[in-house]
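Dear colleague,

A summary of the findings follows it.

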Amino acid sequence: MNRIHQLSQLVISKISAGEVIERPASVVKELLENSIDAGSTRIDLEVENGGVDKIVVVDNGHGIQPDDLQLALASHATSKLSNADDLFRIGTLGFRGEALASIGGVAQVTLQSRPADLPCGAEIYCHGGEMSPIKPWNGSPGTRLEVKHLFFNTPVRRKFLRTTSTELGHITESLTRLALAYPSLHFTLKHNGKLMHEIPATAGLLDRIGLFFGAEVRKAMHEVHAERGPARLAGYIANPACDRGNAKLQYLFLNGRWIRDRSLGHAVQEGYRGLLMTGRYAVSFLFLELPPELVDVNVHPTKSEVRFRDAQTLFHLVLTTIRSRLTEANLVPQLQAPDPNAEFGTRNVETSDAEIGMRNVESESEADELVPPSGGQGLNFPQAPVRPYNPEVFHTSSETSSPDGNSSIPNSEFRIPNSHKVLQLHDSYIVIETPDGMLVIDQHALHERILFEQFKNRWRGGTMEKQRLLIPEPVELTAEQAARVLEAKTELAELGLEVEDFGNGTVLLSSYPALLGKKVPATILREVVDFLVTQDRTPNREQMLNGLMSMMACKAAVKAGDRLTPAQISALLEQRHLVNDTHHCPHGRPTSLLFSRRDLDKQFGRI
Ligand SMILES: Nc1ncnc2c1ncn2[C@@H]1O[C@H](COP(=O)(O)OP(=O)(O)OP(=O)(O)O)[C@@H](O)[C@H]1O
Ligand SMILES: [Mg+2]
């Protein structure tokens with residue numbers, strides 16, 4: 001065990017400075033890292049009220065010499081670094097000698113520690129930076145750190161804290177990252193006296209993945225291994241079918257440290273190119289090992305961002321490793337499918353645009369999922385064949401005309417008389433000959449708008465129909481995701497989506513909006529989760545409901561790339577007059593464009 005010492009001014013000036021304690025989860029991260037650096041094999045974490053009231057970490061590591069306790073809490077004092085050169089060969093998680101001092105400045109800290117070779121340990125308090133004298137402590141070998149009343153002396157920062165469940169979610173995320181990186185350590189997490197996680201030591205990362213993300217994710221994993229020069233890459237990547245709406249389940253570790261790296265994130269997505277719809281993200285757990293001198297971890301105070309000496313090589317290593325593993329797993333043939341996105345390449349990709357063209361490479365069953373329910377709600381669409389490309393021309397017939405059988409509905413200027421020609425182009429656009437020109441409709445945008453209006457009308461009228469599940473379905477989420485869902489519980493219930501906390505990140509789903517018909521209920525919930533976690537700040541009630549309805553409408557609507565039958569097209573067109581603003585989708589894009597006969601004649605020089 002190295003002794004703690006004050007760093008020289010020279011070294012201090014080279015260390016990336018900045019605040020590392022933002023919220024309870026930052027305290028947890030720093031304390032767990034210290035316990036790991038101390039060679040612990042078991043670490044018990046206990047928090048109260050989302051960590052705001054109390055955080056306790058007990059480890060069985062090598063402890064701190066009684067004489068060093070004051071230094072442990074002092075600024076720029078560490079046992080992990082001596083001179084400036086050491087900054088380029090860091091083998092520990094900590095090295096700045098700052099974490100405990102920062103925590104001691106904004107909370108009430110008790111540090112108790114006993115090295116195994118001493119008969120008795122010692123303790124010290126630090127309240128808002130003020131240290132107590134050292135007293136003997138009669139505990140077992142290892143270290144116990146108690147942090148109470150975080151930000152008690154900085155009320156402004158306290159105000160930025162969110163609900164208990166959100167803070168707990170962040171804490172669990174900090175624990176998850178470290179537990180994934182150190183499978184051989186035993187961790188426990190208690191919240192308000194209740195055991196939330198018992199994470200026994202295991203030889204395999206896969207066990208940890210299963211423990212935190214559920215059996216479904218675990219089953220989708222493919223192991224990867226690769227080397228290039230001194231760089232080694234190992235871990236697991238998921239089947240593309242296990243995709244998510246954000247990149248949160250793309251875990252990346254460098255030498256045992258969780259990091260965020262934009263370039264390597266791109267490399268992961270590139271590896272999956274053609275296998276994921278735009279806006280969808282792969283799930284991966286990648287561990288990169290590099291000699292310490294090839295990476296600078298001293299660029300960000302929380303060490304979550306690093307600078308690689310040769311970022312390019314690592315980009316290729318990640319990309320090619322993923323590609324070749326997916327090929328091996330026989331998942332790549334779909335990569336050769338024609339890229340239906342190509343002609344839309346210049347479009348501004350938004351939520352609703354995200355799926356344009358991508359449905360062609362999907363299975364029939366997925367396409368089936370997207371068709372709204374039959375039986376009078378939504379659009380009554382018979383099942384449509386999705387491919388191959390073969391545009392069909394047809395005339396609408398009387399049975400597919402407007403509901404009251406005549407054409408005098410006080411509708412829009414785009415009303416479709418019975419005998420006019422209708423054509424679906426590129427499985428994306430519906431072109432209609434109108435008396436004074438031609439109307440081009442974006443099928444996805446229009447359907448999305450219709451569904452959105454239907455959702456809104458029903459919600460306003462309190463008639464949002466819900467489909468009850470005979471047996472409530474447990475959906476495994478990360479703790480943070482579960483927290484977000486449960487925070488939005490009331491709004492979700494108003495939309496027919498009823499959820500209950502089932503503990504340990506699992507949420508019980510007991511009903512879903514009937515308008516979403518055939519969609520798999522768990523999929524609906526996951527999409528809602530993706531929506532909620534990508535909201536930067538907490539939306540107000542109305543924004544939340546609007547956002548959720550527009551998201552659900554987008555997901556349930558037919559996609560560009562879906563071949564529609566004449567009956568489906570007619571059903572879609574019939575619904576246009578039922579809603580207020582069919583001219584724009586909920587994201588503000590137009591749903592239809594009119595080309596007047598006069599304009600056409602003019603353009604061709606006829607008039
Ligand atoms: N759980 C622990 N077991 C043993 N020693 C500890 C423990 N926690 C802290 N220490 C000692 O206290 C010192 C200060 O800890 P602190 O977290 O403030 O700094 P650090 O880990 O050296 O660097 P960083 O600020 O980057 O985390 C450490 O260098 C270590 O010697
Ligand atoms: Mg530390």
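**Helix α8 and its surroundings**

The buried residues of α8 pack against β14, β16, β18 (307–308) and α9; contact here means heavy atoms within 4.5 Å, and buried means under 20% relative accessible area, exposed over 50% and partly exposed in between (1.4 Å probe, protein chains only). Helices (H or I, at least four residues) and strands (E, at least two) are DSSP runs, numbered from the N terminus.

The model is predicted: local features need pLDDT of at least 70 and side-chain atom pairs count only at pLDDT 80 or more, while totals for chains, interfaces and linings use all residues. Residues are numbered from 1 along each chain as its sequence is written, chains are lettered from A and ligands numbered from 1 in the order in which they are written, and side-chain values use heavy atoms, with hydrogens and water left out.

Within α8 (residues 262–271), the buried positions are Leu264, Ala267, Val268 and Gly271. Viewed down the helix axis, the buried residues of α8 fall within an arc of 100°, so they line one face; the arc is that of the directions from the helix axis to the C-beta atoms. Where α8 starts, a side-chain oxygen of aspartate 261 comes to within 3.2 Å of the backbone nitrogen of serine 263.

**The five-stranded sheet**

An open sheet of mixed pairing is formed by five strands in the order β12-β13-β16-β14-β15; two strands pair if DSSP finds at least two bridges between them. Strands β12 (221–228) and β15 (257–258) stand at the edges with a single partner strand each, so one side of each has no neighbour in the sheet. Six bridges pair β13 (residues 231–238) with β16 (residues 284–289) in the antiparallel sense, and tyrosine 236 has phenylalanine 285 in β16 as its bridge partner. Helix α9 (residues 311–328) packs on the sheet, touching β12, β13 and β16, and its direction makes about 140° with that of β12. Axes are lines fitted to C-alpha atoms, for helices over the stretch in contact, and angles run from 0 to 180 degrees between N-to-C directions.

**Strand β10**

Five of the six residues of β10 (residues 186–191) are buried, so this strand is largely enclosed by the rest of the structure. Strand β2 (residues 42–48) runs parallel to β10, joined by six bridges, with leucine 45 opposite leucine 189. The pairing of β10 with β11 (residues 194–199) is antiparallel, over five bridges. These two strands form a hairpin with two residues between them, and asparagine 192 in the turn has a positive phi of about 45°.

Key. A polar contact is a pair of N or O atoms within 3.5 Å; within protein, one must be able to donate a hydrogen and the other to accept it, and residues adjacent in sequence count only if both atoms are side-chain atoms.
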